[in-house]
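Reader: Hi! Could you walk me through this protein, one piece at a time?

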Amino acid sequence: MSAVEQRLFSPGPKRILALDGGGVRGILTLAILERMETLLRERSSTPDSFRLCDYFDLIGGTSTGSIIASGLALGLSAKELLELYRSLSTRVFRRPPWSFGIFGPRFSRGPLAAVLKEIIGDITLGSDKIRTGLAIVTKRADNGSVWILHNNPRGRFFAASPNTTGNTAGSAMANGDIPLSSAILASTAAPTFFRPEFIKVADQELGAFVDGGVSPHNDPSLHLLMLASLKGYNIGWPLGHERLLLASVGTGFFRQRRSVEALRYTPSVFQAVNALTSMIDDGSRLVQLLLQWASDTPTPRIIDSEIGDLAEDRLTHQPLLHYVRYDGQLEIDWLIERLGITMTREQVVRIQKMDDPRGIEALIEIGRQIADRHVKAEHFPVVFDIA
């Protein structure tokens with residue numbers, strides 16, 4: 001049995017780590033993960049070599065979360081990845097002044113592909129260098145379907161399979177043979193930012209893949225829960241709040257505020273872009289609502305002013321999982337009231353952007369403040385400690 005099969009199919013409680021999309025704001029995620037790694041290291045029997053991949057049996061992400069998830073699954077520490085992001089962001093998000101993302105992508109995929117080549121090389125999704133379960137969320141632009149690429153050796157599409165006629169011509173390609181860097185490029189190919197990633201999905205078929213964030217799964221938590229438990233994915237973890245832990249980390253969120261008068265005169269193309277952004281936020285909010293409703297959670301979030309934090313609501317008689325969620329609101333009032341951080345409006349607008357590396361140091365500080373205040377050892381019950 002391979003190391004990944006052991007992690008996915010050995011008995012006992014299981015642990016999932018889900019990481020949101022958000023471009024350069026992924027560095028906020030890493031600042032939170034630093035503290036999580038420190039707390040879990042203190043409870044590890046091998047603290048000197050401990051990594052998050054030693055604790056979590058499945059790590060998955062969307063867009064920038066797919067980069068972080070892959071690095072963690074390969075055994076990099078959160079600190080190492082944070083330093084990598086410091087240099088990665090300035091290399092990737094550099095664009096000519098005439099590039100607006102209308103007639104072509106704002107950024108070249110070359111710098112990101114080069115960085116991935118440096119840290120990942122040519123390994124595939126099925127490589128034995130990946131130390132735990134790994135899942136990457138992306139979307140096929142050519143047929144509109146959401147794909148979750150994962151390294152479950154027992155998955156239906158992990159190995160090559162013949163088509164329904166039994167003919168090898170046109171047979172489905174093995175997901176396990178997809179280069180890991182190509183899967184990441186697919187998940188990070190945000191429309192207007194980068195061109196689609198083209199991946200061979202059958203002998204005579206290419207798929208055009210774009211950012212998994214343009215789906216309901218920019219927060220991939222619910223999709224990872226389905227991957228772990230639905231029979232079709234062939235992992236089959238049992239549900240229960242002492243059997244399954246799901247830790248989810250965001251990249252910072254904020255409410256889009258526009259005046260009615262401004263919207264009255266906003267060109268339709270910009271209204272369409274705003275609507276897409278709003279739908280991505282709606283999807284994340286729905287994911288968090290469903291998971292809070294179904295779980296035992298020590299980190300409840302107020303979903304809205306009408307239903308509150310669902311503390312008195314329960315989807316089933318017993319919680320289906322233990323769920324923790326860490327994120328921060330990138331708005332002036334919240335930063336002052338919750339973290340004691342004062343920023344100008346211009347600075348806040350900068351850190352809200354997914355493609356502005358100038359906000360990196362502020363995002364690291366915000367992430368560390370969130371982690372210090374909200375990430376606690378008791379959020380990870382001892383029943384989930386590694387034996």
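Author: Happy to! Let's start with a bend: helix α4 has a kink of about 25 degrees, centred on Y85. The bend at a residue is the angle between axes fitted to the seven residues ending there and the seven starting there. This is a predicted model, in which local features need pLDDT of at least 70 and side-chain atom pairs count only at pLDDT 80 or more, while totals for chains, interfaces and linings use all residues. Residues are numbered from 1 along each chain as its sequence is written, and side-chain values use heavy atoms, with hydrogens and water left out.

Reader: How many residues does α4 have, and what does it reach from its first C-alpha to its last?

Author: Helix α4 covers residues 78-92, which is 15 residues, and reaches 20 Å, close to the 21 Å expected at 1.5 Å a residue. The expected span is 1.5 Å times one less than the number of residues. Helices (H or I, at least four residues) and strands (E, at least two) are DSSP runs, numbered from the N terminus.

Reader: Which residues of α4 are buried?

Author: They are A78, L81, L82, L84, Y85, L88, S89 and V92. Buried means under 20% relative accessible area, exposed over 50%, and partly exposed in between, with a 1.4 Å probe and protein chains only.

Reader: And what do they pack against?

Author: The buried residues of α4 pack against α2 (26-42), α3 (64-73), α5 (110-120) and α12 (360-374). Contact here means heavy atoms within 4.5 Å.

Reader: New topic! How many aromatic pairs does a search of the whole structure find?

Author: The search finds three. In one of them, Y55 and F380 are edge-to-face, because their ring centres are 6.3 Å apart and their planes stand at 80 degrees. Rings of Phe, Tyr and Trp (its six-membered ring) pair if their centres lie within 6.5 Å; planes under 30 degrees apart count as stacked, over 60 as edge-to-face and the rest as tilted.

Reader: Where do Y55 and F380 lie in the chain?

Author: Y55 is in the loop between α2 and β2 (58-62), and F380 is in the segment after α12, so to speak a link between distant parts of the chain, 325 residues apart. Both Y55 and F380 are buried. Together with F56, Y55 and F380 form one aromatic cluster.

Reader: Why is the pair of W147 and F209 edge-to-face?

Author: Because the ring centres of W147 and F209 are 5.1 Å apart and their planes are at 75 degrees. W147 lies in strand β4 (residues 146-150) and F209 in strand β6 (residues 205-211), so this pair ties together parts 62 residues apart in sequence.

Reader: Are W147 and F209 buried or partly exposed?

Author: One of each! W147 counts as partly exposed at 22% relative accessibility, whereas F209 is buried at 0%.

Reader: Which charged end sits over the ring of Y55?

Author: That of R15, 5.5 Å from the ring centre. R154 lies over the face of F9, at 3.8 Å from the ring centre. A charge sits over a ring if NZ of Lys or CZ of Arg is within 6 Å of the ring centre and within 35 degrees of the ring normal.

Reader: Last one: what does the secondary structure come to?

Author: The protein has 12 helices and nine strands. Buried residues make up 50% of its 387 residues.
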